[in-house]
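The following paragraphs lead through the fold of a single chain and the surroundings of its ligand. Please keep the sequence and the model in view while reading.

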Amino acid sequence: MTAALSLTSLSAGHNGVPVTRSLDLTVEPGEIVALIGPNGAGKTTTLDTVAGVLHPLGGEVEVHGHQVRSTAEAGKRGLGYLPERRGLFSGLTVRENLWLRARSRRRGDPLLDDYPALQRLADRRAGLLSGGEQQILALAAALASQPSVLLIDEMTMGLAPVVVTQLVELVRTAAAERGIAVLVVEQHVKAALDLAQRGYVLQQGEVVMEGPAEELRGRMDELHAAYVPGKEAGITG
Ligand SMILES: Nc1ncnc2c1ncn2[C@@H]1O[C@H](COP(=O)(O)OP(=O)(O)OP(=O)(O)O)[C@@H](O)[C@H]1O
Ligand SMILES: [Mg+2]
């Protein structure tokens, strides 16, 4: 079976200077995979490269077996990206943000049906929403484009547990019911391994551990070690 997302020997970086080296990673349809690691490990750089925002310094990104080298190619192959900065249009309403990203435009508000937290906010400008509401909208907007592969950067950072629970449930449903392949980047190891079925641990641009989430959860001491020297800012819980 061809993986939904496949990174082969991917080197990513800025201005020709590599941050990650020779990264091999796959995500199957319907699978949730976590890419974890301390501050500066290269997680966002990797996602930006997969999404075609940055050019790879080496290696390949393939979506359903097709090489992707630009945001246009990535979009064409069904890749969606929920970046750390959320990518919302703050001057547009909740409804407009969803419509703008929607692939199919049916009558009524089917886009809002799956998001009770957003329904009463439909006509409010995105910029006026709370951080948690904005993150739910950003995820809803990314899903409205009907991606087959979804990249998510630090989705839960700084949000209340009740919002985190809602976001996690939405991602799980998207993977399980729509077969979306999800690659989540997280600093919070436990949250990431609770959500994902498999994980890769990045340290200084290289994968130092990988395996099923359950197995990685059983190797917390090694995970802690991978976070040194950024330990204080790294693992919580
Ligand atoms: N636009 C840029 N130009 C040059 N260097 C950059 C740029 N963006 C990031 N870097 C550098 O690349 C390295 C990796 O950064 P990156 O943002 O990918 O890490 P990260 O794993 O996402 O960290 P965090 O957990 O803090 O988000 C860092 O050393 C960072 O300073
Ligand atoms: Mg980052």
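In what follows, Ala, Val, Leu, Ile, Met, Phe, Trp, Tyr, Cys and Pro count as nonpolar, Asp, Glu, Lys and Arg as charged, and the others, Gly among them, as polar. The model is predicted: local features need pLDDT of at least 70 and side-chain atom pairs count only at pLDDT 80 or more, while totals for chains, interfaces and linings use all residues. Residues are numbered from 1 along each chain as its sequence is written, and chains are lettered from A and ligands numbered from 1 in the order in which they are written.

The chain holds 10 helices and 10 strands; helices (H or I, at least four residues) and strands (E, at least two) are DSSP runs, numbered from the N terminus. Its radius of gyration is 17 Å, close to the 18 Å that the globule rule gives for 237 residues, so the chain is as compact as a globular protein of that length. That radius is taken over C-alpha atoms, and the rule is 2.2 Å times the number of residues to the power 0.38. Along the principal axes, the C-alpha trace spans about 50 × 40 × 35 Å.

An open sheet is formed by 4 strands in the order E2-E1-E4-E5, with antiparallel pairing; two strands pair if DSSP finds at least two bridges between them. Strand E2 (17-27) and E5 stand at the edges with a single partner strand each, so one side of each has no neighbour in the sheet. Helix H1 packs on this sheet, touching E1, E2 and E4, and its direction makes about 115° with that of E1. Contact here requires C-beta atoms, placed from the backbone, within 7 Å; axes are lines fitted to C-alpha atoms, for helices over the stretch in contact, and angles run from 0 to 180 degrees between N-to-C directions.

Strand E1 (residues 5-14) is joined to strand E4 (residues 58-63) by 5 bridges, and Thr-8 stands opposite Glu-60 in E4. Between E4 and strand E5 (residues 66-67) there are 2 bridges; Val-63 faces His-66 in E5, and Glu-62 faces Gln-67. The hairpin of E4 and E5 has 2 residues between the strands, and His-64 takes a positive phi near 50° there.

Another open sheet has 6 strands in the order E6-E7-E8-E3-E9-E10, with mixed pairing. The twist averages 15° from one strand to the next. Strand E7 (residues 149-153) and strand E8 (residues 181-186) pair in the parallel sense over 5 bridges, with Ala-181 in E8 as the bridge partner of Val-149. Helix H1 lies across E3, E6, E7, E8 and E9, running at about 150° to E7.

Helix packing can be followed in H6 and H7. The axes of helix H6 (residues 131-144) and helix H7 (residues 161-178) come within 10 Å and cross at roughly 10°. The two helices are therefore roughly parallel to each other, a term used for angles under 35 degrees. Their contact residues divide into 7 nonpolar, 3 polar and no charged.

Which residues surround ligand 1? Its shell consists of His-14, Val-19, Gly-37, Asn-39, Gly-40, Ala-41, Gly-42, Lys-43, Thr-44, Thr-45 and Gln-187, a residue being near if its C-beta atom, placed from the backbone, lies within 6 Å. Helix H1 (residues 43-50) supplies the largest share, 3 residues. By class, the shell has 2 nonpolar, 8 polar and 1 charged.

How values were computed:
Angles under 35 degrees count as roughly parallel, over 145 as roughly antiparallel, 65 to 115 as roughly perpendicular and the rest as oblique. Two residues are in contact if their C-beta atoms, placed from the backbone, lie within 7 Å.
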